[in-house]
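This report describes one protein model together with its ligand. Please keep the sequence and the structure in view while reading.

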Amino acid sequence: MPRNAIEVRALVKTYAASGREPAKTALRGVDLDIPAGSIFGLLGPNGAGKSTFINILAGLVTKTSGSVRIWGFDQDVNPRQSRAAIGVVPQELNIDPFFTPIDLLEVQAGLYGVPKSRRHSMEILTRVGLADKARAYPRTLSGGMRRRLLVAKAMVHAPHVLVLDEPTAGVDIELRQMLWDHVRELNAAGTTVILTTHYLEEAETMCDRIAIINHGELVACEDTPALLGRIDVKTLVVRLAVAPAVLPPMPEGVSTTLRAPDLLALRYNRHVARAIDLIGAVQAAGHEIVDLATEEPSLEQVFLELTRARSPA
Ligand code: ADP
């Protein structure tokens with residue numbers, strides 16, 4: 001196993017001008033390593049360059065310059081091997097209406113040159129919970145089933161790296177859970193998983209490591225806990241025995257809000273204040289505390305903070 005499943009250097013993509021559209025640079029020199037065996041999240045606002053990045057990995061978009069290695073194979077030097085190492089689950093749920101799920105997987109295996117003796121189409125369908133739909137008409141498949149079928153399709157050539165582009169967009173909560181369970185199983189069995197998502201909380205719970213891209217540049221790439229640690233603001237939530245008539249005075253820099261008549265939310269910078277001092281201030285104002293909780297910053301906050309810092313070039 002290579003150390004990195006993906007190694008990208010100085011990756012630039014400029015889409016040529018067409019008609020009235022001027023040329024558009026979608027990636028401005030991205031360097032990125034994705035560790036083998038990880039579940040890696042690629043986050044960014046709309047238009048940041050995520051799909052461009054993924055489509056270049058998948059060989060669907062031609063890069064302008066830079067280098068891409070997949071599972072140790074340079075895309076320009078070993079295009080066949082690098083392509084064989086990766087499978088991509090696209091965002092759209094387009095499925096050819098003329099193929100049953102089992103046929104679809106067989107055709108896909110054929111496209112990737114997987115010999116008949118090494119195909120496991122039925123087994124793959126079983127793993128994604130579609131065994132009983134193997135010979136169903138595609139139009140009878142629900143959105144969730146289509147999504148799982150596309151995951152199965154991306155797995156027919158047993159790629160080392162699986163890319164999921166916004167996999168849970170428009171998928172209901174139950175199916176989302178099932179999809180994530182399946183992704184975790186694949187990862188536990190050795191597949192490196194890369195996903196893009198707008199569900200930041202999901203990235204937070206699913207991903208070992210997260211990269212944030214904005215206006216075609218990488219603004220952060222860190223292990224998830226370290227990324228969350230980059231934001232300094234925490235919140236201490238205090239429930240009081242008696243609803244206060246006035247808010248207790250707080251040290252400078254602490255903002256106080258009432259979430260309920262007896263529930264105080266104290267937002268503070270952990271480099272400036274300590275939770276223990278805030279508790280002391282509440283008690284010093286004569287209030288009895290009956291319960292306490294602290295809230296860590298969400299990825300949403302980290303994300304806003306990091307992307308707000310940079311405006312478009
Ligand atoms: P994301 O997936 O993060 O939303 P994209 O990679 O789709 O971002 O887009 C990045 C930028 O490149 C956007 O400004 C988008 O308009 C532009 N872009 C994407 N695809 C094309 C294309 N085929 N032709 C021209 N511009 C494109």
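## The ligand site

In this predicted model, an N or O atom in the side chain of Y15 lies 3.4 Å from a nitrogen atom of the ligand. The backbone of K50 places an N or O atom 2.9 Å from an oxygen atom of the ligand, and the side chain of T52 has an N or O atom 2.5 Å from an oxygen atom of the ligand. A polar contact is a pair of N or O atoms within 3.5 Å; within protein, one atom must be able to donate a hydrogen and the other to accept it, and residues adjacent in sequence count only if both atoms are side-chain atoms. On its own the ligand has 560 Å² of accessible area, and the protein covers 61% of this. Accessible areas are calculated by the Shrake-Rupley method with a 1.4 Å probe, and for residues only the protein chains shown count as cover.

The ligand is surrounded by Y15, K24, A26, P45, N46, G47, A48, G49, K50, S51 and T52.

## The chain and its domains

The protein chain contains ten helices and 14 strands. These are DSSP runs, with at least four residues (H or I) for a helix and at least two (E) for a strand, numbered from the N terminus. The C-alpha atoms fill a box of roughly 75 × 45 × 45 Å along the principal axes. Of the 313 residues, 45% are buried; buried means under 20% relative accessible area, exposed over 50%, and partly exposed in between (1.4 Å probe, protein chains only).

The chain is divided into domain 1 (4–85 + 159–228), domain 2 (99–151) and domain 3 (233–296), with bounds from an automatic or database domain assignment. The C-alpha centres of domain 1 and domain 2 are 24 Å apart. Their contact, meaning heavy atoms within 4.5 Å, takes twelve residues from domain 1 and seven residues from domain 2.

## The nonpolar cores

A nonpolar core is a set of buried Ala, Val, Leu, Ile, Met, Phe, Trp, Tyr and Cys residues joined through side-chain atoms within 4.5 Å. The largest one has 47 residues, and I212 and L299 have the most contacts inside it. Helix α5 (residues 143–155) supplies the largest share of this core, seven residues. At least three residues come from each of domain 1 and domain 2. Apart from this core lies another of 27 residues, including V68, W71, V161 and I213.

Leaving out residues up to four places away in sequence, L299 touches L43, L200, A203, E204, I210, L227 and L228.

## Two loop residues

H287 is found in the loop between α9 (275–284) and β14 (289–295). H287 counts as buried because its relative accessibility is 19%. Beyond its neighbours within four places in sequence, H287 is in contact with L240, P244, V246, P248 and V282.

R119 is placed in the loop between α3 (101–111) and α4 (121–127). The side chains of R119 and E106 are joined by a polar contact of 2.9 Å.

## Notes on the model

Residues are numbered from 1 along each chain as its sequence is written, and side-chain values use heavy atoms, with hydrogens and water left out. Local features in this predicted model need pLDDT of at least 70, side-chain atom pairs count only at pLDDT 80 or more, and totals for chains, interfaces and linings use all residues.

Notes:
Near = heavy atom within 4 Å.
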